[in-house]
Structures are given as C-alpha cells and as structure tokens.
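Let's take a walk through this structure together, one contact at a time. Keep the viewer open as you read.

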Amino acid sequence: LALAFLLGSAGQLLVQGIAMHGRGVSTLLRPRLSLADWPGVSRAARVLVPATLSSTMLQLATYTDLWFASAWRGAAAVMGCAAMVVTAPVGLLSSTIVVPRMPLLTQQAAELRWDAFRDTLDDMLRTGIALGLPLSISLACFAEQIVRAVYQRSAFDARATQEVVPVVVTYALGAGLFICRDVAVRAFYSLGEGRAPVAASLAALAVNAVLDALLSRTMANPAVGLVLSTVLVTSLSFAWLYCELARSLAEKVAAAGSSQPPTGEASPAAKWRTFLAKSAAASAVTAAHCKAVAAVAAAARDAHALPLARKLAGALPVSAEWIADASLLGVCLVSSWAVYYLCSRLLDRVAGL
C-alpha cells in the first residue's frame with residue numbers, strides 16, 4: 001500500500017510536469033535556479049510556510065488524536081478507518097471549490113477590488129456549506145452501509161463495522177466545517193497574510209490536546225470523544241478565521257469607499273440570512289428522507305437485493321453481499337443529494353416570488 005501511494009504521487013507529479021512543459025511554463029526535469037529569483041522566492045515562502053502549517057491543521061489534529069488513542073486497544077485503527085471514509089469526499093469537494101476560484105480571489109486582491117473579493121469569498125463559503133450539509137447528512141444516516149460496503153470483508157467483520165460507525169457519524173458532523181475552514185485559509189493566502197491562519201492553527205492544536213485528554217476519558221467511546229474534539233476545534237478555528245477575515249475586509253471596503261451594495265441588490269448579511277434559512281429547511285427535509293430511505297433499504301436488503309445480487313455474483317469477482325450493499329448505498333446517496341438540491345431550488349423559487 002505504501003509503495004502504491006508513492007508510485008501514485010510520483011505519477012501525479014510527472015503528469016503535472018508534462019502538462020506544464022506542454023504549455024511552455026517550464027522545461028520537464030530541468031530545474032531553474034537563479035539568485036535573481038531569490039526576492040520572489042522569499043516573498044512566496046513568507047506565505048507558503050504559514051500556509052502549509054495552516055492547511056495541515058486537520059492532519060496535525062488527527063495525529064494528536066492518535067497519540068491519545070494509543071491508550072485504548074483498537075481505537076487508533078477505528079479512527080483511521082473512519083477518517084478515510086470522511087476525508088476522501090471532503091478533500092475532493094474542497095478542491096472542487098478552492099482550486100478554480102483561487103486565481104480569481106488573488107486577482108481581485110491584487111486589484112484592490114474588495115467588494116468583489118468579499119462576494120467571491122461568500123460564494124465559496126456558501127458553496128462549501130451547500131455541499132457539506134448533504135455530505136454530513138448522508139454520511140451520518142448511511143454510515144453503517146458505507147462502512148460495510150467499503151471495509152467489511154475477510155478479517156473486517158460485522159463487529160468491526162459497528163465499532164467504526166459511531167466514529168464516522170462524529171466525523172460527519174464536521175464535514176462542512178472542514179471545507180469552509182479550508183476556504184477561509186485560502187482566502188488569507190490570496191491576501192498575502194499568513195499570521196492569522198498560523199495563530200489559529202497553533203491555538204487549535206493546543207485546545208485539541210486539552211479536549212482530547214478530557215473527552216477521551218469522559219465519554220463511553222474514547223474514539224468518539226477524540227474525533228468530537230477535532231470537530232469542535234475545527235468549528236472554533238473556522239469561527240476565528242472568519243471573524244478575522246470579516247474584520248479585515250470591512251476595513252478594506254470602508255477605506256475603498258464602496259461599502260454599499262448596488263441599488264436593488266441584497267446586502268451580504270441579507271444574503272447570508274436567506275441562504276442559512278434555506279439550507280436549514282432543506283437539511284431538515286433531507287434528514288427525514290434519509291432516515292426513511294435507510295429503514296426501507298435495511299428491509300429490502302435481505303428480501304430483494306440479496307437474491308438478485310446472488311444471480312450476479314457468479315459473473316463478478318465480488319460477493320453477493322457487497323453487490324447488494326453497494327447498490328442500495330448508491331441509491332440512498334443519490335436520492336439524498338437529489339432531495340437536498342430539489343428542496344433548495346424549490347425554496348429559491350418561493351423566495352423569488
């Protein structure tokens with residue numbers, strides 16, 4: 001597994017190098033080092049080093065959790081399995097939001113267009129919430145089906161699944177927060193400011209260690225307590241970063257003399273109120289839908305899905321149980337996301353009347 005990861009990383013670097021070579025950005029496998037470039041490298045390092053530390057806050061918090069988890073047999077393995085289930089979609093969605101819009105944020109900051117910068121940032125955060133909420137609901141409601149489909153085979157039995165499920169549910173509570181915190185940190189990068197994210201990360205790690213020591217010993221499931229600590233610390237870190245961003249942008253917008261929205265356009269605060277109310281309503285409907293679908297899927301698994309899967313198992317290199325679980329899980333996930341976005345669109349239309 002480690003060798004596969006190493007080869008995959010090397011392949012990713014090679015593909016990016018070939019793409020840059022084809023666009024004339026650089027020459028493949030020919031490093032360009034010049035003392036004349038040192039001032040630019042130094043400026044980039046002043047942002048890059050704090051940025052690297054801030055971006056790895058979740059990973060560093062996880063390492064802190066694992067250090068405490070070593071006091072209980074199997075807790076670290078349970079947390080590792082649960083983290084893989086949650087961080088994979090979180091990382092994918094975060095990259096989908098951040099990567100395409102980072103150049104725009106940086107350009108707006110360079111041109112001192114602070115109203116546009118704030119609007120772009122708010123749009124990115126709202127997108128993070130709009131993707132994070134259905135992800136959290138789906139992971140929490142279908143945690144058992146997800147863990148069973150991903151892990152349950154050979155030595156990973158039904159008992160191991162039941163140990164991982166509550167940890168996945170706890171991680172799921174912070175899915176949207178993980179995405180939004182990543183967006184906030186990237187916004188500081190585009191402003192060329194690295195101190196606030198670093199301060200937030202260091203404070204978060206200290207608080208995380210204290211909460212780990214407290215919650216792991218007071219909750220019935222130590223692994224759940226450790227993960228809950230990370231979720232709480234992430235929420236506090238994001239709140240701090242967002243308040244710092246809002247304060248900084250308010251000062252910049254006021255200095256530029258462009259704090260009033262155009263005539264007929266809602267203020268940023270009004271947009272947030274409308275969005276949060278819509279998201280809360282859509283989340284409530286989606287949660288009720290997921291709970292009902294999970295009950296129907298559990299009843300249909302043995303009665304309908306397994307008999308059909310046994311007919312297909314002979315032609316596929318997987319078990320009938322996995323086919324049944326994966327098929328039902330796919331239907332559940334697609335339906336939950338569809339319900340969330342249909343509700344959101346319906347509420348948008350109602351609000352527009």
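**Rings, charges and a helix crossing**

Arg-126 lies over the face of Trp-272, at 5.1 Å from the ring centre. A charge counts as sitting over a ring if NZ of Lys or CZ of Arg is within 6 Å of the ring centre and within 35 degrees of the ring normal. Lys-252 gives you another example: its charged end sits over the ring of Trp-114, 4.9 Å from the centre.

Before going on, please note that this is a predicted model, in which local features need pLDDT of at least 70 and side-chain atom pairs count only at pLDDT 80 or more, while totals for chains, interfaces and linings use all residues. Residues are numbered from 1 along each chain as its sequence is written, and side-chain values use heavy atoms, with hydrogens and water left out.

Now for rings that meet other rings. Rings of Phe, Tyr and Trp (its six-membered ring) pair if their centres lie within 6.5 Å; planes under 30 degrees apart count as stacked, over 60 as edge-to-face and the rest as tilted. By this rule the count comes to 7 aromatic pairs. Tyr-151 and Phe-156 form a stacked pair, 5.3 Å centre to centre with 25 degrees between the planes. The rings of Trp-272 and Phe-275 have centres 5.9 Å apart and planes at 85 degrees, so this pair is edge-to-face. Both Trp-272 and Phe-275 lie in helix H11 (residues 268-313), 3 residues apart, about one turn of the helix. Helices here are DSSP runs (H or I, at least four residues), numbered from the N terminus. Elsewhere, ring pairs link Trp-337, Tyr-340 and Tyr-341 into a cluster.

How do two helices pack against each other? The axes of H4 (residues 75-110) and H7 (residues 158-172) come within 9 Å and cross at roughly 45 degrees. Axes are lines fitted to C-alpha atoms, for helices over the stretch in contact, and angles run from 0 to 180 degrees between N-to-C directions. H4 and H7 are therefore oblique to each other, since angles under 35 degrees count as roughly parallel, over 145 as roughly antiparallel, 65 to 115 as roughly perpendicular and the rest as oblique. Where they touch (contact means heavy atoms within 4.5 Å), residues including Val-78, Met-79 and Cys-81 in H4 meet a group in H7 that includes Glu-163, Val-164 and Tyr-171.

Finally, look for Thr-234 in helix H10 (residues 222-256). Its C-alpha atom and that of Cys-180, 54 residues apart along the chain, are separated by 9.7 Å.
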